[in-house]
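Open the model in your viewer and keep the selection tool at hand. The stops below can be taken in order.

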Amino acid sequence: MTEIRALTPGDAFAMLLAGNERFITGRTQHPNQDAVRRAEIAPLQSPFAVLFGCSDSRLAAEIIFDRGLGDLFVVRTAGHVMGPEVLGSIEYGVSVLGCPLVVVLGHDSCGAVAATCAALEEGLAPTGYVRDVVERVTPSVLAARAAGLTRPDEIVDEHIRNTVDLLVDRSRVLADSLAAGRVAVVGLSYRLAEGTARLVADHGLGVPVRTPGVEEEPARPA
Ligand SMILES: [Zn+2]
């Protein structure tokens, strides 16, 4: 446990990317998924990252980052939209459990982002509580439009960046932990077909990171 406590944000991010690299290349190790690990961490959890991702069934955190029990403190909602319970859960992971890394995980072909684009184009709000999801994705889609971003994957990346910024802006705990260098808050954009996770937002990581298996992001049109 003490070994995990001593991890820096950069260490935690490297561990996460290493697991994703194993997943991409088919060399998964399925660490920390046995009875020994189960017994070892039963008295106390000490995850190395908070993962706040979309609920999409293809985005299962421990699978795509090749981790196991006690590794990730996971919060997921459709379109990684946040409310007080989400913010409280993420703050718990940082301030109580001591996670040095918070990751916002979005992905291509996100249904919540697509539903929001459709609602804005058609001027029709979805029924039920899906409407609340769409309303919370809407500022990101409008920001993407204002920036001239039109491709669905560009809009997704903008939503990830906006979510990271919103987290840091809304949570005093995260802002203070960032200022103290205790945590980094980053955004990863996951590709469903390839299994790759590309860094699209970074608060506090401060180290150059190569994202595995993905080409450099093409330059945005001026
Ligand atoms: Zn999604």
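Select Cys-54 first: this residue is buried, with a relative accessible area of 5%. Buried here means under 20% relative accessible area, computed with a 1.4 Å probe on protein chains only. The model is predicted, so local features need pLDDT of at least 70 and side-chain atom pairs count only at pLDDT 80 or more, while totals for chains, interfaces and linings use all residues. Residues are numbered from 1 along each chain as its sequence is written, and side-chain values use heavy atoms, without hydrogens or water.

Cys-54 belongs to strand E1 (residues 49-54), whereas Cys-110, 56 residues apart from it, sits in the loop between strand E3 (101-107) and H6. Strands are DSSP runs of at least two residues, helices (H or I) of at least four, both numbered from the N terminus. Cys-110 is also buried, with a relative accessible area of 4%.

Now select helix H7, residues 130-146. Colour its buried residues: Val-134, Val-137, Thr-138, Ser-140, Val-141 and Ala-144. They pack against helix H6 (111-122) and helix H8 (152-170).

Technical notes
The expected span of a helix is 1.5 Å times one less than its number of residues. Buried means under 20% relative accessible area, exposed over 50%, partly exposed in between (1.4 Å probe, protein chains only). Contact means heavy atoms within 4.5 Å.
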